[in-house]
Amino acid sequence: MFAAASPSRPSFAAEANAPLERNAEDQKLEAFFREYLDEAFAAEPVRATMLGDHRFDDRLDDVSPEARARNLNRDRKTFASLPNRIDYTKLSREGQIDFEILRNSVARDIWLAEHFDPFVQDPRTYGSYITECVYLPLTQSTLPKETNVKNAAARMTLIPKVIDIAKRTIGKAPKVKVETAILQTKGAIGFYQDEIFHLSGRKPGEGDFSARAAAIVSALQDYLKFLESKVLPNAGDDWRIGREKFARKLEFELDAGVSADEVLAEAEAEADRVIREMAMLARQMWGVVYPGKPIPPDDSEGRRELTALMLDHVAAKHGTPATLVTDSRAEVAEIKEFIRNARILTLPNPDQCRVIEMPEFMRGNSVAYLNPAPPPH
């Protein structure tokens, strides 16, 4: 499933720091990269939309097993041909970094496709091709609104086919993922019944656009029954991928040249440092917060008790789920005001920053999400 933003995807370092001198081999690499992206984006339009390329917003991925196999073969050919077509030693240092980013990104995609099958094992995967594929052009594209609505309508005609493939493809999946997919599907039904009309400016119950939305709602309602009656009863409890796969996946995701064991050791050391610092701060605050109360002893157990008591005090004042969005908006406003008053930087004008409630069809198993808009294409 494509993430809303994917930092591990190829992104030319040279372009981020332009202008830079680019030699002939750098230019060959850039041409190779764009050739790869053109082919990949044409085959995976939703991925293109998520990364800010709106050339294919009127198309939708073929998510059948055969099409996904073709995508994997494309990536294998790309990975094999990269060192044959581009001489790494002739690249500038910036070009070498770009080469490494592209190579590692494609290697990651190949490894994930060879070791996992989310289209079978994780029904949440289909959300990108059922709802986000329409939501993102309507909310993040810089194209004219009517163009975005037209593109969304074109994709809407293809969504029932995606749902049909999902019903024929999904197999045994972890229960927690199935339960999340059920909630997301309910959110998707609500989106096509209501929110899509607010975003598109079209009227419900009128015209071809409304008819396409109604067809999707009908297909989703049937899909929801499928998840609840067929997939959920057969779901398993184990969602873990195992130590070996996790370690390799982490290396690909971080792309930082460190192993999972090294990351764990660094995290444990940092946790110990933070625990000691929290205890020190709690000790300094103790007399003000708990005047006259004996302070816990300065040993491991005492420091844990000291910190826990101070955290309980700080947490006594907090918002509620009902005020989370309004509290966040107020906090963002205060941050912006501080930035202006302290003249830290000039904020964009007009201000396009919005704090909105995450749509139900995008909610998953994490506590919080960051869904930044892609760069304009």
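1. Start with Arg55 and Asp38. In this predicted model, their side chains meet in a salt bridge, with N to O at 2.8 Å. A salt bridge here is a side-chain nitrogen of Lys or Arg within 4 Å of a carboxyl oxygen of Asp or Glu. The pair links distant parts of the chain, 17 residues apart. Arg55 sits in the loop between helix H3 (45–50) and helix H4 (65–85), and Asp38 belongs to helix H2 (residues 24–43). Helices (H or I, at least four residues) are DSSP runs, numbered from the N terminus. Arg55 is partly exposed, with a relative accessible area of 40%. Asp38, at 37%, is partly exposed as well. The terms are set by relative accessible area: buried is under 20%, exposed is over 50%, and partly exposed is in between (1.4 Å probe, protein chains only).

2. A note on the basis of the values. Residues are numbered from 1 along each chain as its sequence is written, and side-chain values use heavy atoms, with hydrogens and water left out. As the model is predicted, local features need pLDDT of at least 70 and side-chain atom pairs count only at pLDDT 80 or more, while totals for chains, interfaces and linings use all residues.

3. Asp57 and Arg155 form a salt bridge, N to O at 3.9 Å. Asp57 is in the loop between H3 and H4, and Arg155 is in helix H8 (residues 145–156). The two residues are 98 residues apart, and their pair links distant parts of the chain. Asp57 counts as buried at 1% relative accessibility. Arg155 counts as buried at 0%.

4. How many salt bridges does the rule give? The count comes to 33. Side chains of opposite charge can pair when their charged atoms come close.

5. Another pair lies within one helix. Glu253 forms a salt bridge with Lys249, and the closest N and O atoms are 3.6 Å apart. Both residues are in helix H12 (residues 243–254); because they are four residues apart, about one helical turn separates them. An α-helix has 3.6 residues a turn, so residues three or four places apart point the same way. Glu253 is partly exposed at 33%. Lys249 is partly exposed at 28%. Salt bridges that share partners join Lys249 and Glu253 with Glu44, Arg47, Arg74, Asp75, Arg108 and Asp109 into one network.

6. H2 has 20 residues and reaches 29 Å from its first C-alpha to its last. That is close to the 28 Å expected at 1.5 Å a residue; the expected span is 1.5 Å times one less than the number of residues. Buried residues in H2 include Leu29, Phe32, Phe33, Tyr36, Leu37 and Phe41. Glu25, Asp26 and Glu30 are also among them. Seen down the axis of H2, its buried residues fall within an arc of 160 degrees, so they line one face of the helix. The arc is that of the directions from the helix axis to the C-beta atoms.

7. A cavity is a set of points, on a 1 Å grid over the protein atoms alone, where a 1.4 Å probe fits but cannot get out; lining residues have an atom within 4 Å of a point. Grid points are joined across faces, edges and corners, and a volume is the space filled by probe spheres set on the points. The largest cavity has a volume of about 100 Å³. Of its 14 lining residues, Gly127, Ile130, Ala181, Gln184 and Thr185 are the closest to its centre.

8. Which helix gives the largest share of that lining? H10 does, with four residues. Helix H7 (127–140), helix H10 (175–200) and helix H11 (207–231) each supply at least two.

9. Some backbone details remain. The peptide bond from Asn349 to Pro350 is cis, with omega near 5 degrees. Pro350 is in the segment after H15. Asp255 has a positive phi, near 50 degrees, in a residue other than glycine. Asp255 lies in the loop between H12 and helix H13 (260–289), and is partly exposed at 41%. Arg343 also has a positive phi, near 55 degrees. Arg343 lies in the segment after H15 and is exposed at 76%.

Technical notes
On a 1 Å grid over the protein atoms alone, a cavity is a set of points where a 1.4 Å probe fits but cannot get out, and a pocket is an open set with protein on both sides within 12 Å along at least five of seven lines; lining residues have an atom within 4 Å of a point.
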